[in-house]
Every structure is written in structure tokens, then in C-alpha cells.
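Here's a quick briefing to read with the model open beside you. It goes through the charged contacts, then a helix, then a couple of other spots.

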Amino acid sequence: MEETISLKEIFATLKKRLLLIITITLLATIISAIFTFFFITPQYSASTQILVNQQSSKDSLYNQNAVQTNVQLVNTYSGIVKSPIILNQVIKDLDLDYSAEALQNMISVETVQNAQYFNVTVKNTDPAEAVQIANKTASIFKTQIKNIMKVDNVTVLSKANLASSENPVSPNPKMNMAIAFVVGLMISVGLAFLLEYLDNTVKTEDDLEKLLGLPVLGTISEISADQHHVKKTSHAAHTQARGDHLEA
């Protein structure tokens with residue numbers, strides 16, 4: 001027969017292991033806070049926006065085909081932005097101590113569906129350097145795309161600025177601590193039920209009934225040493241008083 005656990009037993013287990021649950025949960029939260037504030041290096045973000053817009057002659061009309069072509073070019077250009085031909089020039093101009101691969105990992109390109117623009121975002125431990133890399137990448141891309149694609153259809157819509165990059169984007173202390181709190185709570189509750197499951201000692205009449213499958217007919221109360229001493233002294237005094245009475 002399968003064993004079932006009642007809601008009352010669940011709350012009893014949680015109450016019994018409450019100190020363990022609180023300790024592990026608080027410990028996980030504190031460790032997360034210490035690790036977030038003292039061991040994780042803050043990352044800053046700087047973004048620039050680039051527009052892809054084919055320059056048209058006076059005789060041509062601004063039509064849907066031109067827009068669709070520009071939209072398709074966005075996907076191509078978003079890959080070229082992070083190519084070595086662009087990044088190596090950025091490293092050279094800014095005299096950066098990074099490899100092209102390391103710089104590529106700092107840069108992310110975000111495109112918007114059916115839009116003629118894309119965002120270039122740089123994450124760095126130095127906000128000023130992040131701004132420099134973002135702007136220099138956009139500038140070199142605009143120059144190099146003329147030679148690569150043989151077309152002049154790129155415009156830098158907005159440049160990165162230091163004012164919007166002074167606040168770190170990671171780590172997020174509140175988020176990290178909240179995650180650590182939830183994970184710690186889940187682990188502690190799971191550990192509490194595991195310890196309860198592994199605990200096969202008999203402590204109450206209910207435990208004995210579950211173990212043997214028989215009803216308890218009676219119990220024998222435990223007499224402590226002090227109670228035994230008091231009863232023994234009382235019995236001796238009673239016996240002595242009875243003897244004195246017989247002698248009289």
C-alpha cells in the first residue's frame with residue numbers, strides 16, 4: 001500500500017526543520033550578496049544606432065522595393081560590424097590591448113524586424129572605453145562599408161555618450177539575491193523532507209503504529225531520576241513512620 005503524507009505532516013516537518021530552512025536560505029542569500037558586491041566586476045554598456053538607407057537619385061521614387069532591400073541589408077551589415085576587418089581597425093585606432101576575438105565578445109548587434117536600423121552595443125568594465133569603442137566601431141563601419149559593398153547607404157543616427165553609460169548593467173544585486181533566496185529556500189525545504197524521510201527512529205506512539213501496523217493499547221510513562229529519588233525518599237519516610245507507629 002502506498003504511503004501518503006497529509007498537509008498536517010508537511011507543516012509539522014517544516015516546523016520541525018524551520019531553523020535549518022532559515023539558516024540555509026539566509027546563508028545562500030548572504031553568499032550571493034558577498035559574491036555580487038565583492039567578486040563580480042561591474043559591466044557598463046554603450047550603444048550607437050546605425051541606419052541603412054539607400055541614397056536615391058532625384059529621378060527615382062522612394063518605393064517599397066528600396067525599403068525592403070535596405071531591411072535585407074541590415075542582416076548582412078549586422079554581421080559585417082563584428083568582422084575582423086572592422087574590429088582590427090578599431091583596435092588600431094584606439095590602441096586597445098584586445099584581440100579581435102575578445103573585442104567581438106564585447107560587441108552585440110540588435111536588429112528590429114522590418115526596420116532599416118540596428119543597434120551596436122558594447123559592454124566593458126570601463127564606461128568611457130565602452131563609449132569610445134561603440135562610436136569608433138560605428139564610424140569605421142560607415143567608412144569601410146563603402147569599400148566592402150561598393151555603396152554609400154549607412155548613417156550613424158545616434159552616438160554613444162558617457163552620461164547614459166555611467167550606471168552598470170551587470171551584475172544586478174537585487175536579482176542575484178532574489179534568485180539565491182529562492183534557490184536556497186528550495187534546497188533547504190528539500191533537505192528538510194529528505195532528512196525526515198531518512199529519520200527512522202521511533203519517537204511517538206504514531207511512529208510505532210506506522211512501523212508495526214498495530215494499535216497502541218497503552219503507554220508507560222518515563223520517570224526521571226529526580227522523580228524516582230523523590231518517590232524513594234517518600235516511600236522510606238512512610239515506612240519509617242509506620243515502624244515508629246508499630247513500636248509505640
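A salt bridge here is a side-chain nitrogen of Lys or Arg within 4 Å of a carboxyl oxygen of Asp or Glu. By that cut-off, glutamate 196 and arginine 17 pair up through their side chains at 3.6 Å, N to O. Keep in mind that this is a predicted model.

**Salt bridges**

- The structure has two salt bridges.
- The bridge from glutamate 196 to arginine 17 has the 3.6 Å N to O distance, and it links helix α7 to the loop between α1 and α2, 179 residues apart.
- Because the bridges share partners, Lys16, Arg17 and Glu196 end up in one network.
- How covered are these residues? Arginine 17 is buried at 18% relative accessible area, because the cut-off for buried is under 20%.
- Lysine 16, at 43% relative accessibility, is partly exposed, and so is glutamate 196 at 27%.

**Helix α7**

- Helix α7 covers residues 173–198, and its 26 residues should span 38 Å at 1.5 Å a residue; the end C-alpha atoms are 37 Å apart, which agrees.
- Ala180, Gly184, Ser188 and Ala192 are buried in α7.
- An α-helix has 3.6 residues a turn, so residues three or four places apart point the same way.
- What do the buried residues of α7 pack against? They pack against α1 (7–16) and α2.

**Nonpolar surface patch**

- Leu18, Ile22, Leu26, Ile30, Ile34, Phe35, Phe37, Phe38 and Phe39 make up a nonpolar patch on the surface, with about 980 Å² of accessible area together.
- One of its members, leucine 26, sits in helix α2, residues 18–38.
- Leucine 26 counts as partly exposed, since its relative accessibility is 48%.

- You'll find asparagine 153 in the loop between α6 (127–149) and β4 (154–158).
- The asparagine 153 side chain has a polar contact with the side chain of tyrosine 77, at 2.9 Å.

Technical notes:
Residues numbered from 1 in each chain as written. Predicted model: local features only at pLDDT ≥ 70, side-chain atom pairs only at ≥ 80, totals over all residues. Heavy atoms only, no water. Patch = residues over 30% accessible without salt bridge, like charges linked within 9 Å, V, L, I, M, F, W, Y side chains within 5 Å. Areas by Shrake-Rupley, 256 points an atom, 1.4 Å probe, with all protein chains shown as cover. Helix = DSSP H or I, 4+ residues; strand = E, 2+ residues; numbered from the N terminus. Buried < 20%, exposed > 50% of the residue type's maximum accessible area, 1.4 Å probe, protein only. Polar contact = N/O pair within 3.5 Å; in protein donor to acceptor, adjacent residues only side chain to side chain. Expected span 1.5 Å × (residues − 1). Contact = heavy atoms within 4.5 Å.
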